[in-house]
Amino acid sequence: MKEKASEIVLKCLEEKKMSQRQLATRMGEDVRGLNQQLHRQSDMKVKRFADVLEHAGYRLEVVENGGIQRVCQEFANQIIETRQPIGYFYTFAAGIYTGIDNGTGDAWTEDFNSCEECMKWLKHEPATDASGNLHEV
């Protein structure tokens, strides 16, 4: 289930034990405007979301990755077992990035020591896996 940006912000504020008024003060804004964005609008823009979270003490980096999705280990296992959904995925556990190329429904997997090498492999570029083997295009 996907969460709205405003729902994530509210959870972050709760975790930081910070009120909307405190956040608005940090941002130099009126609390009513922030409250309206968090409770009455359908959602907020990415730039605004990043700005609000930064002022709440979180760091958010938005990266364009060509449709490659990071997934949890449980969902990664499900993709490998069911071959669904179609697409390109990766997971990170115990210091290893595992790429899942399910673009054709075959769920090819490979382990990598770095996110960069994993992304290269998922984009069908030459990449070196965790064992030091070079995968050519």
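This is a predicted model: local features need pLDDT of at least 70, side-chain atom pairs count only at pLDDT 80 or more; totals for chains, interfaces and linings use all residues.
**Strands first.** Strand E2 covers residues 87–93, strand E3 covers residues 96–102, and they pair in the antiparallel sense over 7 bridges. (Strands are DSSP runs of E with at least two residues, helices are runs of H or I with at least four, and both are numbered from the N terminus; two strands pair if DSSP finds at least two bridges between them.) I found Thr 91 opposite Thr 98 in E3.

**The sheet.** I then traced the open sheet: 4 strands in the order E1-E2-E3-E4, with mixed pairing. Its edge strands are E1 (69–70) and E4 (108–112), and each pairs on one side only.

**Ground rules.** I number residues from 1 along each chain as its sequence is written, and side-chain values use heavy atoms, without hydrogens and water. Local features need pLDDT of at least 70 and side-chain atom pairs count only at pLDDT 80 or more, while totals for chains, interfaces and linings use all residues.

**Whole chain.** I counted 6 helices and 6 strands in the protein. Along the sequence I read α-α-α-α-β-α-β-β-β-α-β-β. The radius of gyration is 19 Å, well over the 14 Å that the globule rule gives for 137 residues, so the protein is more spread out than a compact globule. (The radius is taken over C-alpha atoms; the rule is 2.2 Å times the number of residues to the power 0.38.) I noted a C-alpha trace spanning about 55 × 30 × 25 Å along the principal axes.

**Burial.** I found that 32% of the 137 residues count as buried, meaning under 20% relative accessible area with a 1.4 Å probe, protein chains only.

Definitions and conventions: Buried means under 20% relative accessible area, exposed over 50%, partly exposed in between (1.4 Å probe, protein chains only).
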